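Please keep the sequence and the model at hand while reading.

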Amino acid sequence: MFEVFFPILFLFVLAVVIALIMSGLSVFIGKRTKLGKKDEPYECGVEPVGNTKEPVPVKFYMVAILFILFDIEVIFLFPWAVISDRLGMFGFIEMVVFVVILLVGYFYILKRGALEWD
Amino acid sequence: MTEYIYLIPILPLIGFLINGLALNRLPKSVVSAVACGSIGLSFVLSVILFFELKALEPSSRVIEQVLFPWISVGSFHVNFAFLLDPLSAIMILVVTGVGFLIHVYSVGYMSHDPGYSRYFAYLNLFTFSMLTLVLADNFLLMFVGWEGVGLCSYLLIGFWFEKKSASDAGKKAFIVNRIGDFGFLIGMFIVFWSVGSLNFNQVSSIAPTVFAFGGTLITAACLLLFVGAIGKSAQIPLYVWLPDAMEGPTPVSALIHAATMVTAGVYMIARTNVLFMLAPDALMVVAVIGAATALFAATIGLVQNDIKRVLAYSTVSQLGYMFLACGVASFSAGIFHLMTHAFFKALLFLGAGSVIHAMSNEQDMRKMGGLKKHLPITFMTFLIATLAISGIPGLSGFFSKDEILWKSFSSQSGHPIFWVIGFITAGLTAFYMFRLVYMTFYGQERMDEKTKSQLHESPKSMTIPLMVLALLAVVGGWVGMPHILGATNYFEDWLSPVFSHGEAVNTHALLSSTADSSMEWLLMFASVALVLVAIYLAYNFYLKKTSLSTAMKEKLSGVHKTLLNKYYVDEFYGAVIVRPIIYFSLFLWKIVDVLIIDGLINGSATVYNDISEFLRQGQSGRVRSYATIFTLGVVVLLAFFMTD
Amino acid sequence: MTVPIDAYLVVGAGLFGIGVIGVLVSRNLIILLMSVELMLNAANLALIAFSRALNLMDGHAFVFLVLTIAAAEASVGLAMVITLYRNHDTVNIDRFSILKW
Amino acid sequence: MIDISTAVIDFGLIAPEISLVAAAFIILIIGYTKRLGKFCALTALLGIFVSFYYTLIQYGNPGSGFSGMVTSDDFGVVFRMIFLVTALLTILIAQNYLSLKRLNKPEFYALICFSTMGMMVMANSTDLVVMFLGLEIMSVPLYVMAGFARRNLASNESGIKYFIMGAFASAFLLMGIAFIFGASGTTDLKRIIADLSYLSEFSHFYFYSGIAMILIGFGFKVGVVPFHSWVPDVYQGAPTPITAFFSVGPKAAGFAVLLRVFSFGFAEVEILEPTFWVLAVVTMTVGNVLALRQNNIKRMLAYSSIAHAGYILIALTAGGIEGVSSAVFYLIAYALFNFGAFTVIIMMESRSGGTTEFSELKGLLKVHPYLTSILALFMFALAGFPPTVGFIGKFYIFSAALKNGFIWLTLIGVMNSFISVYYYLRVIKVSCFEDSDSEFAPMSMTPALMFVLFITILGTLGLGIFPDQILEFSKTALFAFL
């Protein structure tokens, strides 16, 4: 009866394999340099070690948060897109209203200056 | 005129609003005019209504005035309505009448107080609540007045809140009253739950059909109602607030102790007499508590040196009498004593107030004495009141007290024991009252020179109410003469329609077992004799004792034997009777009263505080501990649901 | 023959439990937020599983709504965390206990 | 399966919500413009009035639409009116406070509108998922509002605490809804009741655990013990006008949902009765006992609000027409006098360096005798004294409980209400009987505050003396769904 779980198993295997291939390729064909920055876990982004009190640019988080929001709102477009023909005009208007609501949010953000760096 | 019943309570309310909202901006003359005028008017109105009621047939002497439907939801209907019947008529007369005199008296007494208008505003509000209480035609409205009275007592007792003792006393009065109210409310709920109505007349007529005679439910209801009465009318064990209540201005004590507040409990029991008649056990409890309180408080009164405290304990004891009367199912006797007591107790307090006024706020009797010649009017009126409360024949107190004693002895639900207790209490009362008189008005003057120089009789506005009350204290009892004196007991007849329902329910309770009048004569004489002896003893121990030294000298110089013997007699009395009693009463006061009963009531408060302190630790302020509590709750709830 | 619904529900319950434990034990606000999100998604999984079992579409529709709500909560939470960090220089939840008793 | 093509789309049903949201959007847009910036409050009030108008229209003619997702009955209408009035009063009392604390931002008004709209959605549906949506629309703005004073540590803390606990609770709620959905194949209470009888053994488990979790999720919002821990901290930390809003709006919304779900939806489930019995007793007692030892008025009122939730739970336990209508009446009454009390507190706090400690009240009588008596009035109402509406409400609840035979519950309730007298009395004692050692700084009494005081006093006394109309109102509202 376990055959029903094979797809899941296959998913796991695939994930592992792909990860291996990725790192493997980088090991084989990537050329190596033993220089300061290269040895750190992240060569870009926040310094992993150092004073935690160091002020972090809040804008960074702001954008991240806003991204989550707009990104998630978009999922409502998918079910609409699937049956948009069946919904017809009504569905279209509904979706326009929805997008307008999102836009109001967007304008508010603009006015509030949340998207301006410095 | 009967359509103006509602004006009786409303007028004082208007007075309250005027004085309360003006906030000291009005001149004192206007304030006092408004306050006294409003209640004076409602007194006049009460008198008129009384006579209109009297004109009616005894059977038809019930006037209900529905102002508006108050709450009506589903099966639950309560009207905002007033009820005027012989009982409430008596009550409004007493409340407005005595209240009016106290208002007038206060004009003089409080004349120098900064909170003048605030005082009169409270006083009017107090009267208003009390009138609502006695005129209410249903439990709910009565409860409104009931709470209002409690609130005003809180405000008035704590009137001089600069004194910590005063504001504490106010708080104590309030909290203790709440305990009583708890009982009252639950009792009311039970009545409503089983009768389906809160209207007094409906309850009276329906109750006998729904409650089994002497059943558990009705007994429980009555006992709960009685708990309410205990709280308001200061019976054991909830009397503790009353002696402290004298922290307020003296007229307020007079108002609380005489006309209003404490009488509410007695009135409520008389009003719900049908219910109590249905529950003989509850009646018995009422009688026992009443008798016990009467004796207990009287005994404590023997050793107090604060003039107002003596009177306070005396009030508690007299209220015990009233409950004893109700307990032996002779409600009219209870109300009768309520009325006469209102007269002479108000007089006593006002007199004491006048004394304190003259003594520049000295309340300790040991620092008084010989005030007789300085305050003649006060002395005369005070003496009359004392004679009345001691039950000297001919004065009001005698008739009411005698009726209670006789009923407690004779009636079926009474018992000789009750009579004995009442009898002893009568003696003690006479003793401590005359002790008070002798210590205050006779003997040498023990006050310091400064006070002495300022001694003065009180102004007219204070003495006139005293005289009026003195008159009432004398004649007030004549409306209720016992039958054996050949007179008709008008008072009893007047009230009989109110209590007829109850008597119909429980005819057995009222039958007097020993109807023979010779016995009644005998008991009457016995009590009078006891009273006289008590007065004589007081005379010896608080007036003559001071001159014992001189008596000694005379003895040595070979004075007449009789005097000597008499002297021995006194010593004998002192050693055998009075001293033990005094030590006993000291014990009661210091140990039982202050330590045990007070302790219990304060203790319960601390217990709650400790629980609170303990629970507070749970609110650590840490979100994770909150989440843990939350999750535990979830687990318990889910487990509970899974069991199903 | 498909995967029995119980399997999905067990996984969902497991995720939910992990989320609860996470809320109870983690001191770091961010991890705490993630745990809450985990709980919500566990509920989503249950919804999907049920609507598959009863083959109704309602469940799927609800999941969309829940996702949006989760996103809204997450963003508000993150914003609060930022404010807290600026005022307190820490995101250790145990430090925030000036309001108590 | 929701089939859009057959769904009844009637925007009249959700016009009140729409108008509020519109107002909120307008505020967000004009909020940061130079010229229109000062009209935010006005816009909010306008939106509230429009919404009130549309709500009023719906009274008496119930309807249902959006394929059963929205059900507008008189019950919903009564509650929406409560929410709208609450929002109105909140905006009125907030004005002066916000400008004093330099918090007067457009977001505040938008958030109030959004949150109120969420409550209305909650009260206006018989579908669990829509209720959940409403709950979240209500809560998310509340989280933000609790932490509205960004620079104030206490406010931050109350915000984050409310947020974490709230999200935690709503996860349980959602799980519960999922279980109910799994057990009965629908989330619409009407249809759940229909097939409540033939639950299979499989669904039985999910059904009951689902009910439990839903009870937890909604009980959290009204501060039922043991899910109450957040209440005192959040109430104390949040800006006072918002605390006032918390103590009335979300509580009423939570009870609206609880009443719908448990007095209407799952009324048949026997196990709920003992559950509510226990919850009521625990909630009352814990709330009252904890309130005894508080030195901060806001915190004291927070515990007292827990206690009042307990009283309302008594009504829920009693159930039936009396139970539900008494609960509704009590919510209306509580909204009135609680708001009044908070208004007075805001006045106290408006003094320079004013706090909400008890000691602030010292010597109030000497300076503001009228205000003192007003405060006393509200305290007596909270304590349930006649002739205030507090007494009528308690009396009605207790008689409802007695009529259904819950004698012990009533006894405990009455006893609790007498314990509560002690700490309410303390407010009066401090303000009347204690003198302040320092000079009494002047407090700001704006017309708006005075107006709110007037309204609340009118309600507290008026309904206390003539409660008949509202009682009928709160009763007729229920025939819609009972």
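## Terms and source

Two residues are said to be in contact if their C-beta atoms, placed from the backbone, lie within 7 Å. This is a predicted model, in which local features need pLDDT of at least 70 and side-chain atom pairs count only at pLDDT 80 or more, while totals for chains, interfaces and linings use all residues. Residues are numbered from 1 along each chain as its sequence is written, and chains are lettered from A and ligands numbered from 1 in the order in which they are written.

## Where the chains meet

Between chain C and chain A, 13 residues of chain C are in contact with 14 residues of chain A. The side of chain C that touches chain A is made up of nine nonpolar, three polar and one charged residues, where Ala, Val, Leu, Ile, Met, Phe, Trp, Tyr, Cys and Pro count as nonpolar, Asp, Glu, Lys and Arg as charged, and the others, Gly among them, as polar.

The contact between chain D and chain B takes 49 residues from chain D and 45 residues from chain B. On the side of chain D, the elements that give two or more residues include helix 6 (153-184), helix 8 (201-222), helix 13 (320-349) and helix 17 (407-433); helices (H or I, at least four residues) and strands (E, at least two) are DSSP runs, numbered from the N terminus. Helix 17 of chain D gives the largest share of this side, eleven residues, and the side as a whole divides into 37 nonpolar, five polar and seven charged residues.

## The nonpolar core

A residue counts as buried if 20 or more other C-beta atoms lie within 10 Å of its own, as exposed if 12 or fewer do, and as partly exposed in between, with C-beta atoms placed from the backbone. A nonpolar core is a set of buried Ala, Val, Leu, Ile, Met, Phe, Trp, Tyr and Cys residues joined through C-beta atoms within 7 Å. The largest such core has 467 residues, of which B:Ala346, B:Leu347, B:Ala473, C:Ala43 and D:Leu331 touch the most other members. Helix 13 of chain D gives the most to this core, with 20 residues.

Leaving aside its neighbours within four places in sequence, C:Ala43 is in contact with C:Val66 and also with D:Ala171, D:Leu174, D:Met175 and D:Ala178.

## Helices of chains B and A

Helix 17 of chain B, residues 396-410, has 15 residues and reaches 21 Å from its first C-alpha to its last, close to the 21 Å expected at 1.5 Å a residue, the expected span being 1.5 Å times one less than the number of residues. This helix of chain B is mostly covered, with 15 of its 15 residues buried.

Chain A has three helices and zero strands, and 0% of its 118 residues count as buried.

Two peptide bonds of chain D are described here. The bond joining D:Val225 and D:Pro226 is cis, with omega about 10 degrees, and D:Pro226 lies in the loop between helix 8 and helix 9 of chain D. The bond from D:Pro386 to D:Pro387 is also cis, with omega near 0 degrees, and D:Pro387 is placed in the loop between helix 15 (369-383) and helix 16 of chain D.

B:Ala234 is buried, with 31 other C-beta atoms within 10 Å. D:Arg102, likewise not a glycine, has a positive phi of about 55 degrees in the loop between helix 3 (74-100) and helix 4 (106-123) of chain D, but D:Arg102 is exposed, with 9 other C-beta atoms within 10 Å.
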